[in-house]
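Here is a walk through one model, taken a region at a time. Have the structure open alongside as you read.

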Amino acid sequence: MSNKATHILLTVLLLFTAMAANAAKDRNYIFIFDCTGSMITDNNCWESAKDYLHTQLEEQLDEGDNFTIVPFQDNPHAVITGNKGHYKWSQIDKELERIIHTSHSHTGICKAWKSALSHIDKAKNNYVFLLTDGHDEFTPQQLPGDLVKWGKQPATDHAFYVMLTPQATEIKNDVGDKKPDNLHFVDAKGKIPDFVAVTPIRPIDSYQFIPSIELPFEVSTKRQYTGIKATTSNQHFKVELVGGKLVDGEGTIRITPNYRDVASLNDAIGSKNDIVITLSGNNVQFVNPLVTPVINKPERVLSSNEFVEEQPNWGKASHYGKFLFWGASEPGKITHTFTPRFSPEAIRANAVARFKVVDTDGHNDFAVTVNGKSTNVIELRAADNNKPVEITITFNDGAKSGKRHFAFKAQNCSNLDRIQEARPANAFEFPFTVKYSLNWNPLKTILMWIGIALAGALLLWFLLLKHMLYSHFKGGALRISEPYFSQQRISGARRVVLTNKAQKQGALNRLFTGKIIYEINPAWTSPVVLEATSKGKVKMQSNKDYTIDPYASTLNKQTEYELTNNQTNQKFKLTIF
């Protein structure tokens, strides 16, 4: 892979991993609502508290989110429950008005708190809001301890003690420095502010921050906020809120270290370093910082020199099938050996890397053996560090020939952070190519070349040699006027034989040498042969049995020649025209 492609893939995979680890659950909202008379008569905060509750129900609920309202005075009243689309504010408002106008005026926060905790849903992220203008009048010394115990809840669960009056702040002082991180005191004297709590991010290994990392996080409100800034006093990192906004209860922090490599970062931060991130924005109060613990941890890495080259060619393989009596060859195969190298940290962790050999062209017409064992899954164990691994790809009969594309794809790796440049390890993919050819059977090849040679020889014979060795008559005819009459066209023939014996030229002889014309008559006691010269003229072969008059080595056209049989004195008159 190119560095750019690796960087993009790394960023996407880290983001996906972080999102999967921090995937938002459905929410469960619990409102512990003070309905004592002082909320109206003494402090005039009743309407603002109801408005806040109404706003939360209208703006926070999504499908799958639930809410529970625990009205309380000296004791908790019957709870009011609902979810998105399944409540009427007018009915809730009516019930709260009914309760506050009863004769009870004492404040029993501890009992209400315990009642609220019975509605915690462990399958969801829980948000508990306690809105009160006073302090617990029944068990004031017990309440701080109960609030401190909230720290045993998951970090994704938040509790908010909304202090509507100065009197309500007494409990904050009682809790003091024992306050857990997921318990928040909100100063709401005079007006309830728009407040947001931030869920801490899980610890991240230091090597994941190179070159940078984007971490999704969750906040307590689903309102949309823009123009939010992120800052940190940590000198080792720079932070920013991606897009400068929070949407639907989530945001993303981008963290960039001030170092180029993991070793430098680890040297600077020590064994562990918390990035404390402060979020700020107009008209919104962040009640706690976002904390990202960074763990100084060496990477568990697998590498090999074989994985450096981009899409190398691993060689050639070939095969030929059976033809006639000549059998097929062994299946086409290529064998390649590479040596895995695990980092010391990976060896200590007993890391395991698993690859699947896949045909990225999608043909799936091959089998794989690893160190002689039939399997397409390569399992590399850190305990076998530096031991060569032999991979053999064997093509099936009829496999697709040509340039073939394969890849090692990592899957189900354990105790391993990175393979080569791919992080996480399971994102590793190493492509390579193989040239596969389906050849002719050697016998078929031999016969083909014999055929080509014969075809070439025939072409040479018919196009050149035949015309060089055997001349042909260029037009004309032969007439015999005495002692009998006969006329033969001789154009294209190479020989004329005057004989008293019936003869027939063979087909192959005629094809390869040219046509022979036989003039048969009993008068010819011995054969007379007329042949074509290289210039297409007619030449009579020397024959002691016949005398020609006028004498000529070649016979001219339109000239009558007389042949005399020296044994019988029979006269023959011949004319070429």
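## Two cis prolines

Pro483 sits in the loop between β30 (477-482) and β31 (486-489). Helices and strands here are DSSP runs numbered from the N terminus (helices: H or I, at least four residues; strands: E, at least two). The peptide bond joining Glu482 and Pro483 is cis, with omega about 0°. Another cis bond runs from Asp549 to Pro550, with omega near -5°, and Pro550 lies in the loop between β36 (546-549) and β37 (554-555).

A word on ground rules: this is a predicted model, where local features need pLDDT of at least 70 and side-chain atom pairs count only at pLDDT 80 or more, while totals for chains, interfaces and linings use all residues. Residues are numbered from 1 along each chain as its sequence is written, and side-chain values use heavy atoms, with hydrogens and water left out.

## Around Phe572

Setting aside residues up to four places away in sequence, Phe572 touches Glu482, Pro483, Ala523, Trp524, Tyr546, Tyr561, Glu562, Leu563 and Asn565; contact means heavy atoms within 4.5 Å. Phe572 counts as buried because its relative accessibility is 0%. The scale runs like this: buried is under 20% relative accessible area, exposed is over 50%, and partly exposed is in between (1.4 Å probe, protein chains only).

For a sense of span, Phe572 and Gly37 are 159 Å apart in space, C-alpha to C-alpha, and 535 residues apart in sequence.

## The kinked helix α10

Where does helix α10 bend? The kink, about 50°, is centred on Trp461 in this helix of residues 442-469. The bend at a residue is the angle between axes fitted to the seven residues ending there and the seven starting there. Trp461 is buried, as are Leu443 and Lys466, and α11 (507-513) is part of what covers the buried residues of α10.

Leu454 belongs to a nonpolar surface patch with Leu324, Phe325, Trp326, Ile446, Leu447 and Ile450, and together they have about 720 Å² of accessible area. Areas come from the Shrake-Rupley method with a 1.4 Å probe, and for residues only the protein chains shown count as cover. Patches take residues with over 30% relative accessible area and no salt bridge, joining like charges within 9 Å and nonpolar side chains (Val, Leu, Ile, Met, Phe, Trp, Tyr) within 5 Å.

## Glu218 and its partners

A search of the whole structure finds 23 salt bridges, each a side-chain nitrogen of Lys or Arg within 4 Å of a carboxyl oxygen of Asp or Glu. One of them pairs Arg27 with Glu218 at 3.3 Å, N to O. That pair links distant parts of the chain, with Arg27 in strand β1 (residues 27-34) and Glu218 in strand β9 (residues 213-218), 191 residues apart. Both Arg27 and Glu218 are buried.

Glu218 also has a polar contact of 2.8 Å with the side chain of Asn125. Such a contact is a pair of N or O atoms within 3.5 Å; within protein, one must be able to donate a hydrogen and the other to accept it, and residues adjacent in sequence count only if both atoms are side-chain atoms. Asn125 is in strand β4 (residues 125-132) and is buried, with a relative accessible area of 2%.

## Charges along α3

Glu47 and Lys50 both lie in helix α3 (residues 46-60), three residues apart, about one turn of the helix. Their salt bridge has its closest N and O atoms 3.7 Å apart. Glu47 is partly exposed at 45% relative accessible area, whereas Lys50 counts as buried at 5%. Glu47 and Lys50 are linked with Asp93 and Glu97 in a network of salt bridges.

Which residue does Glu59 pair with? Arg223 is the partner, with closest N and O atoms 2.5 Å apart. This pair links distant parts of the chain: Arg223 is in the loop between β9 and β10 (225-226), and Glu59 is in α3, 164 residues apart.
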